[in-house]
Amino acid sequence: MGGLEAGAIDQEAHDYALWERRVDALMMLLSGPRRIMTVDQLRKGIEALPPDAYDSMTYYERWIASLTNALLDAGVLTTEELGARMARVSARGPEAE
Amino acid sequence: MSHTHDHEHAQPRPDLDDTMTYYRVMEEAVRSLLIEKGIVTADEVRREVENMDARTPANGAQVVARAWVDSDFRSRLVANPKQAIGEIGHDIGPMHLVVLENTPGVHNVVVCTLCSCYPRWLLGRPPDWYKSRAYRSRVVREPRAVLREFGTEIADDREVRVHDSTADMRYLVLPMRPDGTDGLSQAELAALVGRDSMIGVTEVVPPLRV
């Protein structure tokens, strides 16, 4: 990415949603003393996303996609349980906070 | 800048927390599975979010202001940042940190071209623009033009050094103390030091005289 052509820099900031801050927290916990995965793994997973996915996804969407792939690769989660849980969460709607 | 433009920016962006997007569903599913498997606890996730929310550029500003008023601290800060920053009660986390001193001859600016590595223990979460494709692509090739977009004009005869962060190596810019601040206390100095000056896209300006 360094050195590629690009336009003006958008300096506007947005407030992170709670789910985004939780993605951040999960990554810190998993890459900290637990050593379930590393920051390098997170980055490799993000770089492995297709170019159009990279550009259409938001920052923490890329993080959760990469983090989840790493957990699947490591066998910490299975695709079956993840799929079932996502269906359940989706059907239920947002959790109370 | 037109009145209309200012008005549009007066409202914070909604955080869309009431919509269940695909990736938000994924986050909740992964988190609940990790909790059930005993890999993390709900309380740990909550505390991690709170700890990160509490880290702000004010932490880095304290470090900078101390270095401005205490030359021994400044030497220790450059020689062994982790230890010096620990002296004043801040943790820099598990990563290596390099402190880059701005001088009359050199201006430093930091980027992470690979992703978004950042001294988050001292500055909080990185701003959106730091993570943007535009900043990461351009600052390594045309740093002076990028700095100009942030309102920073670096004299032609002053060297600009761009530092590319990695997962294990983070950078903090130690900006130059502005002129006209001799009478200020350490706390008053710290209040002048903004986030962007510690990334290196701006310089610290003296307080306005009234």
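A residue is called buried when its relative accessible area is under 20%, exposed when it is over 50%, and partly exposed in between. The structure described here is a predicted model.

Chain A is built from five helices and has zero strands. Read from the N terminus, its elements follow the order α-α-α-α-α. Along the principal axes, the C-alpha atoms of chain A occupy a box of roughly 40 × 30 × 30 Å. Chain A has 97 residues, of which 45% count as buried.

The contact involves 59 residues of chain A and 54 residues of chain B. Across this interface, 16 residue pairs are in polar contact. On the side of chain B that touches chain A, two or more residues each come from α2 (22-36), α3 (42-54), α7 (120-123), α8 and α9 (143-149) of chain B. The helix that gives the most to this side is α2(B), with 14 residues. By type, the residues on the side of chain B that touches chain A comprise 26 nonpolar, six polar and 22 charged.

Side chains of opposite charge can pair when their charged atoms come close. Over all chains, the whole structure contains 23 salt bridges. The count between chain B and chain A is six. Arg92(A) and Glu28(B) form a salt bridge in which the closest N and O atoms are 2.8 Å apart.

Salt bridges are also found within chain B. Arg76(B) and Glu87(B) are joined by a salt bridge with an N to O distance of 2.7 Å. Arg76(B) belongs to helix α5 (residues 71-79) and Glu87(B) to helix α6 (residues 81-87) of chain B, so this pair ties together parts that are eleven residues apart in sequence. Arg76(B) counts as partly exposed because its relative accessibility is 34%, a value that lies between the limits of 20% and 50%. Glu87(B) is likewise partly exposed, with a relative accessible area of 40%.

A further salt bridge links Glu142(B) to Arg138(B), at 2.6 Å from N to O. Glu142(B) is partly exposed, with a relative accessible area of 28%, whereas Arg138(B) is buried, with a relative accessible area of 5%. Arg148(B) and Glu153(B) meet in a salt bridge of 3.1 Å, N to O. Here Arg148(B) is partly exposed at 45%, while Glu153(B) counts as exposed at 54% relative accessibility.

Arg136(B) is located in helix α8 (residues 133-138) of chain B. A polar atom of the Arg136(B) side chain does lie 3.3 Å from the backbone oxygen of Thr113(B).

Notes. Residues are numbered from 1 along each chain as its sequence is written. Chains are lettered from A and ligands numbered from 1 in the order in which they are written. This is a predicted model: local features need pLDDT of at least 70, side-chain atom pairs count only at pLDDT 80 or more; totals for chains, interfaces and linings use all residues. Side-chain values use heavy atoms; hydrogens and water are left out. Helices (H or I, at least four residues) and strands (E, at least two) are DSSP runs, numbered from the N terminus. A polar contact is a pair of N or O atoms within 3.5 Å; within protein, one must be able to donate a hydrogen and the other to accept it, and residues adjacent in sequence count only if both atoms are side-chain atoms. Contact means heavy atoms within 4.5 Å. A salt bridge is a side-chain nitrogen of Lys or Arg within 4 Å of a carboxyl oxygen of Asp or Glu. Ala, Val, Leu, Ile, Met, Phe, Trp, Tyr, Cys and Pro count as nonpolar, Asp, Glu, Lys and Arg as charged, and the others, Gly among them, as polar. Buried means under 20% relative accessible area, exposed over 50%, partly exposed in between (1.4 Å probe, protein chains only).
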